[in-house]
Amino acid sequence: MAAGLRKRGRAGAAAQAAGVCAPWLQRVWQERRLLLREPRYTLLVAACLCLAEVGITFWVIHRVAYTEIDWKAYMAQVEGVINGTYDYTQLQGDTGPLVYPAGFVYIFMGLYYATGRGTDIRTAQNIFAVLYLATLLLVFLIYHQTCKVPPFVFFFMCCASYRVHSIFVLRLFNDPVAMALLFLSVNLLLAQRWGWGCCCFSLAVSVKMNILLFAPGLLFLLLTQFGFRGALPKLGICAVLQTHPQVVLGLPFLLKNPIGYLSRSFDLGRQFLFRWTVNWRFLPEALFLHRAFHLALLAAHLSLLLLFALCRWHRSGESILSLLKDPSKRKVPPQPLTPNQIVSILFTSNFIGICFSRSLHYQFYVWYFHTLPYLLWATPARWLTHLLRLLVLGLIELSWNTYPSTSCSSAALHACHAVILLQLWLGPQPFPKNVQQDKKGH
């Protein structure tokens, strides 16, 4: 009889526990779609994906063969500095001369010592795996604050890109280091830490110059927020910190050969090889190498930036020259910059530069990969459904994974870029509602 009572007691406790858990499980099941579609669940989904990425990234390191491309060249260039060669024109690697600023030299000098003079590839891969996870965390923090992208998209941003995993942990390029610093800068700007944000931005530029593609957007934000005079101290931070690596850290290089250092580390006219281009494979090589083509791309780049600044980014209804005024002296009272304004302007500025780049190499994918979900989903457009947006992401991924690139893969990449540009241009009205109403009243 006592045994029967114990059995009934256990059964009752189990039934009670089931009664408590059942409604919770039912609620989770009912909201499963919201979990994947509502941006307010970004952090929860991000936490799950980051845990999955730990396993995936280290599986890639241990199961997929490492491919040597630039790592030995980086180490040889850094070793030349360690051995006392401070003339940039004399610093060479297996793939060519040193063409990156002093920030790159000192960061990779640290990696040189951390990896046994660059010989311990597995340790280097593990360091870059941590860098990859840190980059993901910074990106997810940005998306959490903008609250625009449905969480299901993040699966395609994380686990589904072979090329990005390869760039980080199988190739060990310097591009991920620059982009990690850039995303840290964006987070600081979102936190209204403009000085520290400009500081990190400048440090990112000191690793690789592609970060300058974000510079037009950053300049526009600084003028919008502070006016010309107020923006000068922030621009001064960028200049001082950009000269800090170049004068303080880069002092040995400048003392030895200043012209060689500046011309190599900031060579905007460097020629790219046609064999590596991802975006212009359908062109004849002679046209790809022609200076007139490069100037045409530059003109198109600057023109589109100007159009976006005049028609899409400038939100007050006044002349764009009003940005030069102190915010308190403008006709339309300034409104605080929202996270979406900051992120949209920065990401769009970078994307326009990528669309008109003279050449894109495979490692350049990380220049905009983590921004693509925002560019596609942040602006509502009825004609661009979720399925079509995913198709655009898939075609871009396919284009970057086609090696060697083909005329079709390059054309597909440009077509996808055109769709995103059209999406950005046809987005919401550039003026806030109160400004539009003031205009109608007049």
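## Surface patch, helix packing and backbone exceptions

Leu307, Trp383, Leu422, Trp425 and Leu426 form a nonpolar surface patch of about 470 Å². Patch residues have over 30% relative accessible area and no salt bridge, with nonpolar side chains (Val, Leu, Ile, Met, Phe, Trp, Tyr) joined within 5 Å and like charges within 9 Å. A salt bridge is a side-chain nitrogen of Lys or Arg within 4 Å of a carboxyl oxygen of Asp or Glu. Areas are computed by the Shrake-Rupley method with a 1.4 Å probe, and for residues only the protein chains shown count as cover.

This is a predicted model, in which local features need pLDDT of at least 70, side-chain atom pairs count only at pLDDT 80 or more, and totals for chains, interfaces and linings use all residues. Residues are numbered from 1 along each chain as its sequence is written, and side-chain values use heavy atoms, without hydrogens and water.

Tryptophan 383 sits in the loop between helix H17 (372-377) and helix H18 (386-401). Helices (H or I, at least four residues) are DSSP runs, numbered from the N terminus. Tryptophan 383 counts as partly exposed because its relative accessibility is 40%; buried means under 20%, exposed over 50%, and partly exposed in between.

| Residue | Phi | Relative accessibility |
|---|---|---|
| Leucine 172 | near 60° | 0%, buried |
| Glutamine 192 | about 65° | 39%, partly exposed |

Leucine 172 is in the loop between helix H8 (162-170) and H9, and glutamine 192 in the loop between H9 and helix H10 (194-205). The peptide bond from tyrosine 403 to proline 404 is cis, with omega near -10°. Most residues other than glycine have a negative phi, and most peptide bonds are trans.

Methods: Helices (H or I, at least four residues) and strands (E, at least two) are DSSP runs, numbered from the N terminus. Buried means under 20% relative accessible area, exposed over 50%, partly exposed in between (1.4 Å probe, protein chains only).
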